[in-house]
Amino acid sequence: MTAGPFQRVMFALYIAIFFVYLLGPLVVMAVSAFNTPEYPQVWPIEGFTTGWFGKLFADRDMMEGFRTSLLIGFLVVCISVPIGLAGAIVMTQIAPLARSFYYLVVVSPVLTPGIIIGISTVVFWRELTTVTSTKFFYDGVILTVLGHASFISAYCMLIILARLQRFDRSQEEAALDLGASYPQVFRHILLPFLKPALFSAAVLAFLSSFENYNTTTFAILSDKTLTTVLAGRVRQGSTPTISALATIIVAVTLCAALAYELIKRREDQRGRARRAEAARAEEAELASIPAE
Amino acid sequence: MRSIYVILLLPLVVVIAFWLIARVEGTGTSASRPGFFQRNGWPIGLYLIIAVGFWALFIIVLPMIYMVDLSFRPKLPLSQMGGPKDVYTLQNYRYFLFGSLTSTAHWNWIHINAFFTTIFASILITLLNFAICYPLAYHMAQSATAERLRVLLLLLIVPYWVNDILRAFAFRVLLSSGGIVNQALMGLGLTSEPFDFLAADVGLYMGLSYAYLLLMIFPLYNAIESLDRNQIEAARDLGAPWWHIHAFIVMPHAKPGIASGCTLVFMLCTGAVATPMVLGGPRTMWFTPIVYDRFYQLFNWPQGAAYAFLLLVACIVFVLTVLRITGLKLGEITR
């Protein structure tokens with residue numbers, strides 16, 4: 001890159017503004033979580049307090065919503081990852097004529113606004129449970145899980161599909177030739193190969209479900225999740241407890257991202273060491289063969 | 001009662017259709033290609049069909065069909081559903097255009113205005129976000145060192161998982177009349193009294209742009225990253241000015257990423273519920289709160305379904321327009 005000093009300064013300025021825009025609001029909010037005034041305020045700092053965090057944990061609705069959110073996130077992972085896996089495998093095997101139509105159907109939830117997914121889920125299951133007189137099924141948690149599953153399964157499918165496309169079919173054929181049954185191939189060849197993708201899909205599924213509001217607000221009916229309680233609180237007015245919650249979420253995310261970064265770095269190092277080892281062994285092998 | 005037949009029959013029809021397609025296609029190819037169950041074994045084959053069938057039919061397609069179906073029905077008490085009054089009607093869409101039967105106004109301007117303001121503002125926000133994100137995405141993908149890239153990605157990922165509501169709330173703290181922005185403006189002597197950003201909808205548009213910034217940058221970054229540096233070098237050696245390089249080399253290559261980022265941002269903006277709720281002023285025009293009120297304030301579900309369907313149509317039109325302009329296929333933008 002050959003850029004003049006002027007361009008370089010302009011670019012540095014742009015990056016600085018970008019990150020101030022991106023992180024500034026969060027920093028401001030975090031500061032207001034430690035400031036004493038009743039209304040979230042950054043300046044002047046009137047005193048340092050952690051009382052807003054205490055208030056947050058004493059908020060019964062918020063804690064109940066938190067537990068429901070965890071439950072929903074867990075159920076969504078349990079449903080979406082297997083569905084996403086099945087969806088990806090079917091995608092690689094389906095007849096080419098039907099593939100584009102199938103793709104259109106299963107990817108459409110990704111491009112549909114969340115509120116429409118929530119609305120359609122509620123409308124359909126209200127009708128279905130009335131007609132089949134299984135009214136107990138018409139429950140906020142179940143509907144929310146189903147609503148989330150529609151688009152989160154598609155995310156999972158896309159992640160798994162990306163890895164599946166690099167799968168070497170000859171591995172499967174080798175196992176079959178050696179007498180493995182189909183379920184054995186699936187269990188011992190395909191699943192281990194897909195493990196990293198399954199893991200990222202599970203993490204992504206949980207996080208997407210946990211932070212979702214648009215679909216949840218329609219599908220949750222009379223139950224409450226963390227996001228719907230939070231929305232209610234924000235509508236009533238601003239208090240620093242909301243800032244406190246946001247601060248916790250940011251802190252947890254930061255720790256998770258850092259941990260992930262460390263794990264990845266260590267894995268990279270291990271991989272590099274292993275490759276270097278392999279290269280050395282190969283060289284030694286070559287050297288030991290007498291030249292002809 | 002008719003609906004239960006639909007629910008029961010549809011899966012059967014779909015399974016037969018797929019089997020037929022497989023048969024038709026199978027006759028052309030060599031016989032050595034193993035069948036579906038032969039290839040997967042019975043237990044896994046069944047799992048695949050049940051999982052995908054349940055997902056595609058009961059979670060995606062049928063709910064959508066029922067929502068559209070409901071939008072063409074009148075609002076009736078539960079006892080009269082399926083009765084003689086339960087006929088197909090356009091009255092919910094009529095309401096969107098002309099308001100209630102008793103109103104004397106010609107058009108239902110409030111809803112029509114809100115609808116088109118939402119679409120128009122979302123398009124502008126999408127373009128704005130593209131303009132903000134493109135330089136950074138290009139820098140990250142093409143000229144940043146590996147170490148720097150890691151730091152930048154980390155800085156981007158952390159705000160990514162903060163909820164919509166909290167992002168909007170952060171903006172409210174920032175822009176409120178006693179907030180830090182107004183304090184700074186007054187401190188600098190630019191205004192004598194606090195400027196009401198929220199009533200002027202500045203807060204809403206900034207909040208929306210802010211909330212979906214990262215959904216633009218990651219697709220852009222992924223797309224530009226796969227571009228071979230040599231192409232840029234070659235263009236530069238041949239004397240192309242910088243904007244030529246971007247307009248004729250980088251952007252055409254990054255087209256799928258641009259299309260996917262724009263679609264996501266547009267879709268999330270038009271469908272945003274939390275941001276207008278938190279940052280909207282009393283006279284803010286946004287379509288989603290109107291839809292929400294149909295459901296949980298007025299309890300007029302058919303009308304709400306009709307309004308939701310209008311929103312969905314707007315999104316489909318947008319996606320199709322993007323696909324037409326860029327000449328891409330759907331599969332290329334959803335990676």
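The structure is a predicted model, in which local features need pLDDT of at least 70 and side-chain atom pairs count only at pLDDT 80 or more, while totals for chains, interfaces and linings use all residues. Residues are numbered from 1 along each chain as its sequence is written, and chains are lettered from A and ligands numbered from 1 in the order in which they are written.

**Chain A: build**
- Chain A holds 11 helices and 0 strands, where helices (H or I, at least four residues) and strands (E, at least two) are DSSP runs numbered from the N terminus.
- The radius of gyration of chain A, taken over C-alpha atoms, is 26 Å, well over the 19 Å that the globule rule gives for 292 residues, so chain A is more spread out than a compact globule; the rule itself is 2.2 Å times the number of residues to the power 0.38.
- The C-alpha trace of chain A spans about 85 × 70 × 40 Å along its principal axes.
- Of the 292 residues in chain A, 37% count as buried, a term that requires 20 or more other C-beta atoms, placed from the backbone, within 10 Å of the residue's own.
- Among the contacts in chain A with a separation of 6 or more, 76% join residues 24 or more positions apart, a contact being two residues whose C-beta atoms, placed from the backbone, lie within 7 Å.

**Annotated domains**
- An unreviewed UniProt entry gives the annotation "domain: ABC transmembrane type-1" to residues 66-260 of chain A, and over this span the chain is 82% helix and 0% strand, with the end C-alpha atoms 24 Å apart.
- In chain B, the annotation "domain: ABC transmembrane type-1", also from an unreviewed UniProt entry, covers residues 115-322, which are 78% helix and 0% strand, with end C-alpha atoms 20 Å apart.
- UniProt annotations may be inferred rather than shown by experiment, and their positions are given in the numbering used here, with feature names shortened.

**Annotated transmembrane regions of chain B**
- The unreviewed UniProt entry marks "transmembrane region" at several spans of chain B, including residues 116-137 and 258-279.
- Residues 116-137 of chain B are 100% helix and 0% strand, and their end C-alpha atoms lie 31 Å apart, whereas residues 258-279 of chain B are 86% helix and 0% strand, with end C-alpha atoms 28 Å apart.

**Contact between the chains**
- The contact takes 80 residues from chain A and 78 residues from chain B.
- On the side of chain B that touches chain A, helix α3 (residues 42-71) gives the most, with 17 residues.
- The residues on this side of chain B divide into 58 nonpolar, 14 polar and 6 charged, where Ala, Val, Leu, Ile, Met, Phe, Trp, Tyr, Cys and Pro count as nonpolar, Asp, Glu, Lys and Arg as charged, and the others, Gly among them, as polar.

Definitions and conventions
Buried ≥ 20, exposed ≤ 12 C-beta atoms within 10 Å, placed from the backbone.
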